[in-house]
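Dear colleague,

Here is the structure I said I would pass on. My notes follow it.

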Amino acid sequence: MCCYIARVTRTAIPPKTTAEMPAPADSRRRRVFAWVLLATSLSTFAAASATNTETDTDAAQPTQTVSATDIPARSSTSAPGPAQVPPAPSMLGDNRILPQAAPMPPSVYLTTPDFDWMTPAAAHESPDEPPWVLPPSAIPSYIPTRPGALPVRDRGYLDAPGEVANLSAEEIETNSGKLHADLDWNYCGPRIGGAPPDSLGVAADSDTDKVTDLEAGGLRYRRQADIIEAVGGVTVERGAQRVEADNLIYDRSRATVVSPTGSYIQYPGIRLVGDAVEANLDMEQARVDTPRFRLSGAINARGTADTAYVASREQTAYDDILYTTCPPGSNAWSIRANRLKLDQYAGIGIARDARLRIRGVPVLYSPYLQFPIDDRRRSGFLAPSFGSSSENGIELETPYYWNIAPEMDATFYPRLMSDRGFLLGGEFRYITRADNGEMRAEFLPRDRLYNDGDSARWAINATEEGTWFKRLRTTLDFSAVSDNQYLEDLGGNIDVTSSRFLQQRGTARYSGRGWSVGAELQRYQTVDDSLNERNDPYARLPRINFSLNSRQLLPQQAPGLTGALQADYNFFDHEVLVDGQRFTLLPTLSWPLRQSFGHLIPSARFYLASYDLADTDEGDATDPGYAIPSADIDGKLIFERPANWFGDTAVQTLEPRLYYLYTNYEDQSDIPDFDSSELDFSFSNLFRNNRFTGSDRIGDANQVTAALTSRMLHSASGEELWRISFGQIFYFADRRVQLDGPTETDRRSPYTGEISARFFNDWTGRVSFEWDEDGETNEDAWRRRTLRLDYRPPDRRMFSVAYRADFDAAEANQYEDTDTSFRLPIGDSGQVELVGRWLYSMRYNETMDSFAGIEFGKCCWRMRLLGRHFKNRPDDAPTTSVMLQIELAGLGALGDPIGEFLEEELYGY
């Protein structure tokens, strides 16, 4: 049942005093006045009779309820007292106040019946007299909002938290306050994560939504046509719909509202200010001429148009539109289109004959342009990327995204390189309840710069992770390329181009209660031509592993003796080296005794291995093995004392630690090296029970490690303010088991240690070192060292400088580098930002990697320009490239993915 509520605002007017009454007239005037009074009474009686006849005619129509207080009743008798105030002039008949509604062309978006009743003739066909209305001075007017102060944002869609800046000095449009009142602009374009639950205000259908509330300074009700004409600050509300105008016509039978000028209309998530408006309250549809509009909720956007059509709460269309996601007062970028449809239900915008404009200057034309207006996935072309490099020439990439299903999608990215040719790439992603995966492939039919232009080149990569039946876990990491130069020529970043091996690995592991069993297939593709074939890693075809986790072996009342077991089977394959099978078994017992002041943990283990080898040299054993016992004891004490750290209460600790290790010697020179390597000497490796990785070498040991650590902890938060650790190993026997080289006879190791500290609130530093007091030169003494200083305040500034050197590794792997990187916002607004990195090899006096770039932008747009100089190896020729990216909030990014590149290259970016 549709209900209607009308309210007329009235202002009390005091009666005139006796002094204001006219002076008595003479008798002749009295007679004239009497005749006029008689004629007026007769005309009033005739009008009342006509009204009664009209009411009887309408009685057969559906009854509409109007409050008695809304339309004053006519009285047949005059109230006694002084002369009455003369009736106010009819504002509804004054074209200066209520101009006649001009005919509007029929709307193609409104599905309501025809609007013939909107013509001027239909608007004045009723003989009903107007009700009492307020004088013009008492009628509230629709007051446009005066342009105010510049808007301020807290966080932009493209910006990090903490940025607060004025957006623009451009003048704000008139009435912009009506569009943006009570709506913030703390992000531009689509809201990350979608709209908040209540942002659109979509209410369920109910009786309350059917109630129409009308407020006005004055109104006239034409009973026969069931039409209300209202003037003076008119407001019509039904549910979440709201229409405001200087004057309007409301057809109750059709639930339509028409206003010729000065209109404001609001739906959940959209506001429009314009001239003429026609709206259907039942269907929640509308048409507005020359509107300015504002979208909110899932997207922050605004614009102007020649005509706007509201087809539903989520779907709007516009003719001759200017659309932007920039805040009021800024038109940094915009789309000018002959036609634009915004579908918030589907999350897309479709423009016809669109021109992308930067600062009002057209830079791109498209007869058809589809773009996202939220963060949902959808099929379509993505923003192209372009760039230039000395290796490939000018590059252009135009990705196409295919949203196959909610659980899978694909992206195709044709890549045109002016010097090399056309490359077609694709990516497929999927996710299920059990697993998720990703597959990529690239194919270049003919590379004009490789192998005389006659060879096809390709690359493939596949990854997968899954958990099946809650206990079975699978992983896949498979990569392959057509040739060793592929990554260097066509790879995109230093992490890829510096790879020497591509892994091809698949695993499956089933976990039970305290145990697990797994299988693995693993091999590598070598992509470094400088490596000898003998340096290729072994393939595991397959590996089977069984693990029994540490568990209590004695009753609960007995001391906590625990045990564990590792069993491992491998088949190793190699093109030119020895192949073979290996079976290892490692049982372990330990007795951990832990207290708040320290711990004492004795342990014992037994290394068992058996081999079955093929392709061995003549005279070498084909079935070597070993059985090696080992034991250790680890003891640590923790002493604490109260301390003071720059006025804050703190706790300083002193933590001495002793670790004794004994492993029996057994000759393992007849065992090939399948997967073993020597661990780097560092503070964390002082307490390892084997100085080798893998199972092909078990290092003999009779040694004790002495170490000391001191820490300063904040009393309230427990945060570590600084830490100093150093230690040394004392050997009681020579180390005869080696991978390559003579027996080690030193009686003590170099010193190794770490120092880390937090300086003030934003500065942190870290030092690690290896110092040999017996070294003859400075380089011999400081075999390995790292120094790093970081400055990271919360305002996105960043500065990092590091020095790294390692002279203890093999000759080919030694290095001495400096690494400097920075991120520097300029100015309080943070609209300009400089970034850069310089990686310099002091060993080769070469710049291995360097780049510098500038970012400039505001809430709704950002531009990044970056140049890079890179060398994969010291003896390679350097490559240079220039990357440009323009990111428009709510539209996409044009150019290279510089943001992803900086996240990989700058730690903490």
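A539 is buried, at 4% relative accessibility. Please keep in mind that this is a predicted model. The residue sits in strand 31. Setting aside neighbours within four places in sequence, A539 is in contact with Q522, R523, F571, F572 and D573. The C-alpha atom of A539 is separated by 9.6 Å from that of R505, and the two residues are 34 apart along the chain.

Strand 31 covers residues 539–552 and also holds P542. The peptide bond leading from L541 into P542 is cis, with omega near 5 degrees.

R359 is not a glycine, yet it has a positive phi of about 55 degrees. R359 is found in the loop that joins strand 18 (348–358) to strand 19 (361–372). Its relative accessible area is 44%, so R359 counts as partly exposed. D615 is likewise not a glycine and has a positive phi, of about 60 degrees. D615 lies in the loop between strand 35 (598–614) and strand 36. At a relative accessible area of 56%, D615 is exposed.

Next, helix 8. Which residues of helix 8 (residues 898–905) are buried? They are I898, G899, F901, L902 and E905. Seen down the axis of helix 8, these buried residues fall within an arc of 160 degrees, so they line one face of the helix. As background, an α-helix has 3.6 residues a turn, so residues three or four places apart point the same way. The face of helix 8 turned away from the buried side carries E900 and E903, which are exposed.

Last, the confidence. The mean pLDDT of the protein chain is 78, and 76% of its residues reach 70 or more. Confidence is highest in strand 36 (residues 625–637), at a mean of 96, and lowest in helix 2 (residues 120–123), at 32. Over residues 1–134 the pLDDT is below 50, and this stretch has 148 contacts in the model beyond near neighbours in sequence. Residues 197–208 also stay under 50, and for them the model has 16 contacts beyond four places in sequence.

Regards

Conventions: Residues are numbered from 1 along each chain as its sequence is written. This is a predicted model: local features need pLDDT of at least 70, side-chain atom pairs count only at pLDDT 80 or more; totals for chains, interfaces and linings use all residues. Side-chain values use heavy atoms; hydrogens and water are left out. pLDDT is the predictor's confidence in each residue, from 0 to 100. Helices (H or I, at least four residues) and strands (E, at least two) are DSSP runs, numbered from the N terminus. Contact means heavy atoms within 4.5 Å. Buried means under 20% relative accessible area, exposed over 50%, partly exposed in between (1.4 Å probe, protein chains only). The arc is that of the directions from the helix axis to the C-beta atoms.
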